[in-house]
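Student: I would like to go through this model term by term. Can we start from the definitions and then test the values against them?

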Amino acid sequence: EAACATVRTALFPLIAEAEAARNVAYAARDTAYAARDKCCDDKLDAEAARDEAIARMEEALRLAREAELARAKFEMEMENAKSALAKYIRNRDRPSLEGLWTMHAPRGPGNKVICVPMSKALTRITVFNLYLDKISADIHDDRDDGGERQTMAEFTYDFFLFRFGLQEFAEMHLAGLHRAIEEGLDDPRIRLFGALCGHSKVDDDHPLELTHFLIMYLSLLMYESEGPAPTEASSGHSKVKISQAMRVARSVMKDDFGDAAMADLEVAIERQHDTSSDKADPSVDIDYVMAAVAGAWMARYHANMADLRAMFVAADDNGDGVLSQEEFGALLKTDGMSWLPARQAKGMFRECLQESAHGSRISPEGFLEVAYRRGLKPVTREPRTPHKQIRIGATADFKGESMLAESWAFNVGELEGRMQELGKSDFCLKDDLQDIITTVTDLKGLIKERHSPESAWTLYRRVMLGIKTQSHRLQVGAIEVKAKKDGAAAFNTTFK
């Protein structure tokens, strides 16, 4: 017992100390657990904060991209607005196509132009006839010293004026052509012709160089295929071999457009091929060929304009949207323009200022206009290959028989009524009227037999001129009678 008491006396303090140490360890453990839990919570909070920061950063990047796209879209809209304004300023004093073609045409109620309607088939035939005649006209213009090719709208006016003789009568038919273009924009031939003429209903803005290029291409294609098919003059449709179309296209386009563009053009043409033609050497409607060539030319043209616009923006150091003389001088030293001789560069600067409306600074529109005119890009150059004088087969009639027949059918009733009215007047010269009646009889015979279209056109012009002359005689006679009766009041004269 004494030994046990001694052991207890020595052991119990140690046990108490061990229990105290154990309690301290338990407390430290609990503290560590708490710290661990807190660390885990902090880690979760940190991860949540990190995820939130990443999400916010991604949202910021998205908004930045949207802002960049919005800025680019705004800049594009601004450029389009500037281009539209510049185009309006350049064209505001120019008459519209309808105004150019109907300036002297007679007008009816509501000041509407009196027009002779033109069927869709006749419109197609006439358009191709215009293309063929313009080939010959361009050849003659190129041979003349200082000769300048006409625009398609100007050439069309002269074509109709030569056909019908009288200006008012020609413009009545031009008004019919203008309406036929507006109503036939779903037809590829009519739409392309309307674009080349500058019809307001065609959105595409086709430069004059495209007209020169297409007429040159058509002349080579017709020369390659030995003239248009006989169906062209009768129905306004003809086909060419795809191999011929591409052979001519490569000869005039490959150097400037490249192999890739030629491959795309061939795919576009083959997509429209005639499934009933020879599979080994398929054919395609010539309208699809012309539309595809025009589309390839315009794509290259727009790409060139974009390059020139980028050159302008890169030269605009201060970003004010115009070029100073110093900025323009730096532009001339870039790779795209360093080849220009100094004298030409000075002339170009002067022309750019004249085309711009910013005093001594150059606008983008002025620069593009002059660069385009001077041919700084391959597609804007004048065609290097001259036109070919094509051969028109004996069965392909392009002498205007269809146009004459439609015009006569529309006007014959009014002309005969007018002749009856003239016959009742005392001021009409009866012998002259009898000559007109005889000419009308001969003209009817030629139109019915479809014989000698040149003679028929001559008689048609003679009839219209004779009736117009006799009508003026009636007007003058009526004024003279009224003058004798009413004196100066006959002329509605007012003196102030």
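Tutor: Start with helices. Helices (H or I, at least four residues) are DSSP runs, numbered from the N terminus. The expected span of a helix is 1.5 Å times one less than its number of residues. Note the source: this is a predicted model, where local features need pLDDT of at least 70, side-chain atom pairs count only at pLDDT 80 or more, and totals for chains, interfaces and linings use all residues. Residues are numbered from 1 along each chain as its sequence is written, and side-chain values use heavy atoms, with hydrogens and water left out.

Student: What span is expected for helix H5, and what does H5 reach?

Tutor: H5 covers residues 167-183, which is 17 residues. The expected span is 24 Å at 1.5 Å a residue. From first C-alpha to last, H5 reaches 24 Å, close to that value.

Student: What makes H5 mostly covered?

Tutor: Buried means under 20% relative accessible area, exposed over 50%, partly exposed in between (1.4 Å probe, protein chains only). In H5, 12 of the 17 residues are buried. Among them are Phe 169, Met 172, Leu 174 and Ile 181.

Student: Why is Glu 168 called partly exposed?

Tutor: Its relative accessible area is 36%. That falls between 20% and 50%, so Glu 168 is partly exposed.

Student: How do you know that Glu 168 and Lys 468 form a salt bridge?

Tutor: A salt bridge is a side-chain nitrogen of Lys or Arg within 4 Å of a carboxyl oxygen of Asp or Glu. Here the N to O distance is 3.5 Å, so the pair qualifies. The two residues sit in distant parts of the chain, with Glu 168 in H5 and Lys 468 in helix H16 (residues 453-486), 300 residues apart. Lys 468 is partly exposed at 27%.

Student: How many salt bridges does the structure hold?

Tutor: There are 20. One joins Lys 120 and Asp 186 at 3.6 Å, N to O. Lys 120 lies in helix H3 and Asp 186 in the loop between H5 and helix H6 (188-197), so the bridge ties together parts 66 residues apart in sequence.

Student: Why is Asp 186 called exposed, and what is Lys 120 called?

Tutor: Asp 186 has 62% relative accessibility, over 50%, so the word is exposed. Lys 120 has 41%, so the word is partly exposed.

Student: What about Asp 138 and Lys 134?

Tutor: Their side chains meet in a salt bridge of 2.9 Å, N to O. Both lie in helix H3, four residues apart, about one turn of the helix. An α-helix has 3.6 residues a turn, so residues three or four places apart point the same way.

Student: Why is Arg 124 called buried?

Tutor: Arg 124, in helix H3 (residues 120-143), has a relative accessible area of 3%. That is under 20%, so Arg 124 is buried.

Student: What links Arg 124 to other charged residues?

Tutor: A network of salt bridges links Arg 124, Asp 187, Arg 189, Glu 232 and Asp 287.

Student: What makes Thr 211 buried, and which residues does Thr 211 touch?

Tutor: Thr 211, in helix H7 (residues 208-224), has 2% relative accessibility, under 20%, so Thr 211 counts as buried. Contact means heavy atoms within 4.5 Å. Not counting residues up to four places away in sequence, Thr 211 touches Lys 134, Met 152 and Leu 196.
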